[in-house]
Amino acid sequence: MTIIATWEMSYDGVKAAREVIRKGASCEDALEALINYIELNEDFHNVGHSGWPNEDGVVELDAAMINGDNLEYGAVAGLRNIKTPISVARLLVGSEYNNFLVGEGAYRFAMEHGFKHENLLTKPARDRWLERVMKEDYGVKGHDTVGTVISMNGRVVAATSTSGLFMKKMGRVGDSPLVGPGLYADSDVGGATATGVGEDIIKGTLSFKIVELMRLGVDVKEACHKAVKGLHDTMIKKGETPREFSVVALDKDGNWGAASNRDEFPFVILEDDEVKFMISKDWGRSFEERVSAFEK
């Protein structure tokens, strides 16, 4: 069994996933526990409760999950007043129709299924928003999606959750809830998920690209490298300036890879029951294990 997740903020979430797996949880249970831990932690401002708001000071959340056994998925976007959007998205996995709900429709679905209406805008997030408004600084910043993939017992499942870009336009949706760019999984091959500027990730259908490279026999690390470097170079050739994007992936056997056009990209891996904090460098060509700030 292997789990991989984006960013150092996933460290304790991966531990939470390990604990529920020890109790016999499914792949979906594990990823939901991992992401819920981050969504409910007010210290993380890019996901769930306390997420960064849009330019109007409203927190809108996106999340998705895909079952690699049958490619069934569930997704929500622009969801307000629900702290754990991944739990709402999971309920949509396996639906015959209506797999992707947005805005008021996603909120209504959540309320019909027992979720609570709660304020998501915490004081630290509101204060930072007010600071930007006072300066009339409406430039978008921040893109730390939690994306995760699990390979266990012959199954591969992927999931994502984010509050999206800080100071985004009302209703803006990036790659995170989109099957193909933001996440993809096929239990016969592997899975991947992306984080970064969604507008660029979507251009390369990045997560699907990695899985398709693996389907063709490319090693998972090389697939991550090829996908990220390829999109970056393609954008430059077309006269565009690439912004940051990064990926993590697993093949069906639990081998892992990660790559980024950042100098360093942090991620977390659970392998052989051990949680490790890792750094990807050089477009996913080299990796360094480090001590996490969350290590106890």
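Mentor: Let's begin with disulfides: the count is zero, where a disulfide is a pair of cysteine sulfur atoms within 2.5 Å. Bear in mind that this is a predicted model, where local features need pLDDT of at least 70 and side-chain atom pairs count only at pLDDT 80 or more, while totals for chains, interfaces and linings use all residues. Residues are numbered from 1 along each chain as its sequence is written, and side-chain values use heavy atoms, with hydrogens and water left out.

Trainee: Why is Cys27 called buried?
Mentor: Buried means under 20% relative accessible area, exposed over 50%, and partly exposed in between (1.4 Å probe, protein chains only). Cys27 has 2%, so it is buried. Cys224, at 0%, counts as buried too.

Trainee: Which residues of helix 8 are buried?
Mentor: Cys224 is one of them, and the list also includes Val220, His225 and Met235. Helices (H or I, at least four residues) and strands (E, at least two) are DSSP runs, numbered from the N terminus. Among the elements covering those buried residues are helix 7 (206–215) and strand 9 (245–251).

Trainee: How does the span of helix 8 compare with what is expected?
Mentor: The expected span is 1.5 Å times one less than the number of residues. Helix 8 (residues 220–237) has 18 residues, and its 25 Å from first C-alpha to last is close to the expected 26 Å. Just after helix 8 comes Gly239, with a positive phi of about 80 degrees.

Trainee: Which residues have the most contacts inside the largest nonpolar core?
Mentor: A nonpolar core is a set of buried Ala, Val, Leu, Ile, Met, Phe, Trp, Tyr and Cys residues joined through side-chain atoms within 4.5 Å. The largest has 79 residues, and Leu34, Ile150 and Ile210 have the most contacts inside it. Helix 8 gives the largest share of this core, seven residues.

Trainee: What does Ile210 touch?
Mentor: Contact means heavy atoms within 4.5 Å. Leaving aside neighbours within four places in sequence, Ile210 is in contact with residues including Ala223, Cys224 and Ala227.

Trainee: And is Ala185 buried or exposed?
Mentor: Its relative accessible area is 0%, so Ala185 is buried. Ala185 lies in strand 7 (residues 183–186).
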